Amino acid sequence: MAIKFNRVDFKYKGHDKKGYLALSNINLSIDGEGEFITLIGETGSGKTTLVQHMNALLVADSGSVDVYGIRVEKEAVKKKRIRLNPIRKKVGLVFQFPEYQLFEETVLKDITFGPKNFGVSEEKAVETAKRVIKIVGLDESYLDRSPFNLSGGEKKRVSIAGILAMEPDILILDEPTSGLDPLGRNALLKVFFDIHEKLNKTVIIITHDMNTVYEYAKRVLVMRDSYLVYDGDPVNLFTTKNIQNWNLDTPDVLELTRRLESDLNITLKTRPRSAAALTEALEEVLR
Ligand SMILES: Nc1ncnc2c1ncn2[C@@H]1O[C@H](COP(=O)(O)OP(=O)(O)OP(=O)(O)O)[C@@H](O)[C@H]1O
Ligand SMILES: [Mg+2]
């Protein structure tokens, strides 16, 4: 198992002594290849906090997280008994707010920073930058620009390119498509799905978009008030009784399927997860 949470609790130390409990008793295992996971839950439920434990940006107050055989726990990090660099190389995390990630004068320097930091030559790093900038849907001319003078969506793409350049085994994206236009959003989702499918990598996406969850995810994690309350497949998720308490939208395709089944008094033979699959399922029944 590439990542394993062992009874993790985490509290943000606030101005008041009490602090703010953001993770409670998290137990979770994630494979290093072949997973496509979406992480959902309402605002403030602990999603960002959870993924920041996966590459040791945050460290559990109690319990531990094993990342590729390295046990990340408070004492070991405090006493510098473990090296965090190998973890960061294996587990790439794209921040929710790209401003936190971009800091160089040019996009090129920003994207090549990571690979060079891990020992890749300048020449190779530039080559990689030219490749990944295209993958995220921007052209090479962006490489000379300042990351600070880009639109929100462009910044987001550049920050994704910066992590892709490091070629991590596990790619984690914290709300990667928020603020993008629908076409751009779908194109990027396709990029992430391709990385997962063609390279057999594990991809974890935090999102508030239930359509994405329903169509793409193989496994869904739901956070609720610092607890992990669901870990399973997306079709079962939307039929569980607890769903009302979790404040999640119903995916459009599921809503439409239910309405069609009731209005036309039919039962589809499959549970379609995309518009195309719904059309096919309808044709089969109405033929
Ligand atoms: N730096 C911080 N200091 C104190 N409390 C924090 C800090 N960051 C987050 N929190 C608190 O911890 C809880 C979990 O935050 P987190 O950012 O993990 O939520 P989230 O599920 O990612 O929310 P969103 O969907 O809004 O991004 C929130 O209630 C938040 O107020
Ligand atoms: Mg968040």
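Student: Buried means under 20% relative accessible area, exposed over 50% and partly exposed in between, with a 1.4 Å probe and protein chains only. On that scale, how does T48 count?

Tutor: T48 counts as partly exposed, because its relative accessibility is 23%. This is a predicted model, in which local features need pLDDT of at least 70 and side-chain atom pairs count only at pLDDT 80 or more, while totals for chains, interfaces and linings use all residues. Residues are numbered from 1 along each chain as written, chains are lettered from A and ligands numbered from 1 in the order written, and side-chain values use heavy atoms, without hydrogens or water.

Student: Which residues coordinate the magnesium ion (ligand 2)?

Tutor: T48, through OG1, and Q96, through OE1, coordinate the magnesium ion at 2.0 to 2.3 Å. They join distant parts of the chain, 48 residues apart: T48 is in helix α1 (residues 47–52), and Q96 is in the loop between β6 (91–94) and α4 (107–117). Donors are N, O and S atoms within 2.8 Å of the metal, or 3.2 Å for Na, K and Ca; water is not among the atoms, so the site may look incomplete. Helices (H or I, at least four residues) and strands (E, at least two) are DSSP runs numbered from the N terminus.

Student: What about the interior? Which residues have the most contacts inside the largest nonpolar core?

Tutor: I3, F5, I26, L28, L50, M54 and I172 do, in a core of 33 residues. Strand β2 (residues 20–30) supplies the largest share, 5 residues. A second, separate core of 32 residues includes V132, L143, L189 and V203. A nonpolar core here is a set of buried Ala, Val, Leu, Ile, Met, Phe, Trp, Tyr and Cys residues joined through side-chain atoms within 4.5 Å.

Student: And what does I3 touch?

Tutor: Leaving out residues up to four places away in sequence, the partners of I3 include L28, M54, V65, V91 and I170. Contact means heavy atoms within 4.5 Å.

Student: Changing topic: at what angle do α6 and α7 pack?

Tutor: Helix α6 (residues 152–164) and helix α7 (residues 182–199) pack at about 10°, with axes 13 Å apart. α6 is therefore roughly parallel to α7. Axes are lines fitted to C-alpha atoms, for helices over the stretch in contact, and angles run from 0 to 180 degrees between N-to-C directions. Angles under 35 degrees count as roughly parallel, over 145 as roughly antiparallel, 65 to 115 as roughly perpendicular and the rest as oblique.

Student: Which residues meet there?

Tutor: R157, I160 and L164 in α6 meet G184, L188, F192 and I195 in α7.

Student: Where is G153, and is it buried or exposed?

Tutor: G153 is in helix α6 and is buried, at 16% relative accessible area. G153 and P176 are 23 residues apart in sequence and 9.4 Å apart in space, C-alpha to C-alpha.

Student: What covers the buried residues of α4?

Tutor: The cover includes α5 (122–135) and α6. The buried residues in α4 are V107, D110, I111, T112, G114 and P115.

Student: Lastly, what is the phi of Y68, and of D225?

Tutor: Y68 has a positive phi of about 45° although it is not a glycine, and D225, also not a glycine, has a positive phi near 55°. Most residues other than glycine have a negative phi. Y68 lies in the loop between β4 (62–67) and β5 (70–72) and is partly exposed at 28%. D225 lies in the loop between β9 (219–224) and β10 (227–232) and counts as exposed at 53%.
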